[in-house]
Structures are given as structure tokens and as C-alpha cells.
Amino acid sequence: MEFFTVLPIRKNTEKMIVINDTDHTKIGYVQRKYKSAFDEVLNHLPLSFRSTTNIIGSTDEYFLKIKEQSFKSNLFKLKWDVYITSGSGEEVFLLEDRTKVSTNPRMLYHKSDKGYVFKRDSFNRTCYVYLKDSSSICAQITIEKLVPTHLKIVVENNNISVIEILGIYYIMTLVY
């Protein structure tokens with residue numbers, strides 16, 4: 001299935017990112033949220049070294065909330081808690097940064113005994129999502145236009161939803 005969206009130009013904005021399908025029907029949204037007004041002002045300062053990255057989002061069947069873990073657990077590698085609420089209840093998963101070189105970011109998403117690797121290739125402007133133990137591609141995110149950034153998301157299987165993919169990709173763009 002294919003989905004389309006446009007990322008905001010400014011990274012520190014709370015603008016809603018709308019997810020559309022091929023018929024240009026709104027499927028859901030993803031949005032950055034600050035903990036407080038003080039946190040938002042701190043993030044706008046040019047010398048800010050510590051800014052938290054929290055994301056919320058919603059579709060018809062899922063509500064997504066990504067919260068950055070505490071400062072103590074993020075000293076060496078960044079980690080986030082991913083909360084997904086559906087009709088069956090709330091589930092908590094882990095997202096961790098596995099980047100070695102900042103020009104080649106990688107995230108590892110632990111979901112229900114499976115690991116999904118988000119690997120962004122900056123040369124061909126594509127991000128691949130594949131299972132950790134195999135080379136099968138679960139999703140592909142392609143940048144079609146740079147300013148503003150138009151994304152095309154192709155989901156290959158139903159194990160991971162489009163709102164999770166876009167939320168994690170948006171975290172990658174905010175951090176790197």
C-alpha cells in the first residue's frame with residue numbers, strides 16, 4: 001500500500017503532518033509535542049544542547065505516542081518508548097538509536113519479538129525498513145521532493161503500521 005505526506009520545513013514546529021492514501025484521503029496524522037512551554041522555548045534557542053523529542057499521532061485504528069526516555073538512560077545512546085493504543089489495549093515497545101556515523105542513521109525498533117531496522121540512505125534519498133535477522137524489506141520511504149519534503153511510503157506487510165513508520169522516520173529527521 002502506498003501513502004503520501006509532506007514534512008514541515010522547520011524542525012521545531014508543532015505542525016500536524018497529514019498522512020494521505022493514493023486517493024488523497026486523510027488516513028491519519030503525526031505531530032511533534034513539547035512537554036511544556038518552557039521546553040518549547042528552550043528548543044528554539046540556538047545553544048540548546050538538550051531538547052526532548054516526543055511525537056503523537058492517530059489513525060482510525062491506532063493512537064501513537066513516542067516519548068523520549070530519561071536523561072540518564074540517554075547518556076550514551078538515545079532511546080524512546082513507543083506506546084500504541086488500539087482496540088485491544090495499549091502496548092509498549094522500544095526504539096533505540098544504532099547510528100555509528102551521523103550521515104548514515106539507523107534505528108532499531110523492537111516490536112513483539114521482532115526487530116525492525118530503519119536505515120536511511122542519504123545518497124538515493126530512501127529509507128528502508130527491514131527485519132533485523134533477514135533482508136526482507138517491510139517498508140520503503142522515498143523523498144520525492146526536497147523543499148518541502150514530500151514523502152512516499154510503501155508498506156509491504158501489515159506487521160508494522162504506517163503511523164509507526166512515519167513516526168519513527170520523523171524522529172530520525174528531527175535527531176539527524
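Residues are numbered from 1 along each chain as its sequence is written, and side-chain values use heavy atoms, with hydrogens and water left out. Because the model is predicted, local features need pLDDT of at least 70 and side-chain atom pairs count only at pLDDT 80 or more, while totals for chains, interfaces and linings use all residues.

In soluble globular proteins, nonpolar side chains tend to be buried together. A nonpolar core is here a set of buried Ala, Val, Leu, Ile, Met, Phe, Trp, Tyr and Cys residues joined through side-chain atoms within 4.5 Å. Buried means under 20% relative accessible area, exposed means over 50%, and partly exposed lies in between, with a 1.4 Å probe and protein chains only. The largest nonpolar core has 37 residues, and those with the most contacts inside it are Val82, Leu95, Met107, Tyr109, Phe118, Ile153 and Ile165. Helix H2, residues 162-175, gives the most to this core, with ten residues. Helices (H or I, at least four residues) and strands (E, at least two) are DSSP runs, numbered from the N terminus.

Phe118 counts as buried because its relative accessibility is 0%. Contact means heavy atoms within 4.5 Å. Leaving aside neighbours within four places in sequence, Phe118 is in contact with Pro105, Arg106, Met107, Tyr109, Cys127, Tyr128, Val129, Ile160, Ile165, Ile168 and Met172. The C-alpha atoms of Phe118 and Leu174 are separated by 14 Å, and these two residues are 56 residues apart along the chain.

The charged residues come next. Side chains of opposite charge can pair when their charged atoms come close. A salt bridge is a side-chain nitrogen of Lys or Arg within 4 Å of a carboxyl oxygen of Asp or Glu. The structure holds three salt bridges. One of them joins Glu2 and Lys152, whose closest N and O atoms are 3.6 Å apart. This pair links distant parts of the chain, since Glu2 is in strand E1 (residues 2-6) and Lys152 in strand E12, 150 residues apart. Glu2 counts as partly exposed at 32% relative accessibility, and Lys152 counts as partly exposed at 22%.

Another salt bridge is formed by Glu96 and Arg98, with the closest N and O atoms 3.0 Å apart. Glu96 counts as buried at 12% relative accessibility, whereas Arg98 is partly exposed, with a relative accessible area of 44%. The side chains of Glu164 and Lys111 also meet in a salt bridge, at 3.0 Å from N to O. Glu164 lies in helix H2 and Lys111 in strand E8 (residues 106-111), so this pair ties together parts that are 53 residues apart in sequence. Both Glu164 and Lys111 are buried.

Asp21 presents another case. This residue is found in strand E2, residues 17-21. Asp21 is buried yet has no salt bridge, and the nearest side chain of opposite charge, Lys26, is 12 Å away. For charge, Lys and Arg count as positive and Asp and Glu as negative, while His and the chain ends are not counted. Not counting residues up to four places away in sequence, Asp21 touches Glu2, Phe3, Phe4 and Ile27.

The backbone also deserves attention. Most residues other than glycine have a negative phi, and most peptide bonds are trans. His24, although not a glycine, has a positive phi of about 65 degrees. His24 is found in the loop between E2 and strand E3 (26-33) and is exposed, with a relative accessible area of 66%. Arg125 has a phi near 55 degrees, a positive value in a residue other than glycine. Its place is in the loop between E9 and strand E10 (126-131), and Arg125 counts as partly exposed at 35% relative accessibility. The peptide bond from Val147 to Pro148 is cis, with omega near -20 degrees. Pro148 lies in the loop between strand E11 (137-145) and strand E12 (150-155).

Val147 leads on to the surface. This residue is exposed, with a relative accessible area of 62%. Ile9, Leu146 and Val147 form a nonpolar patch on the surface, with about 330 Å² of accessible area together. Patches are made of residues with over 30% relative accessible area and no salt bridge, like charges being joined within 9 Å and nonpolar side chains (Val, Leu, Ile, Met, Phe, Trp, Tyr) within 5 Å. Accessible areas come from the Shrake-Rupley method with a 1.4 Å probe, and for residues only the protein chains shown count as cover.
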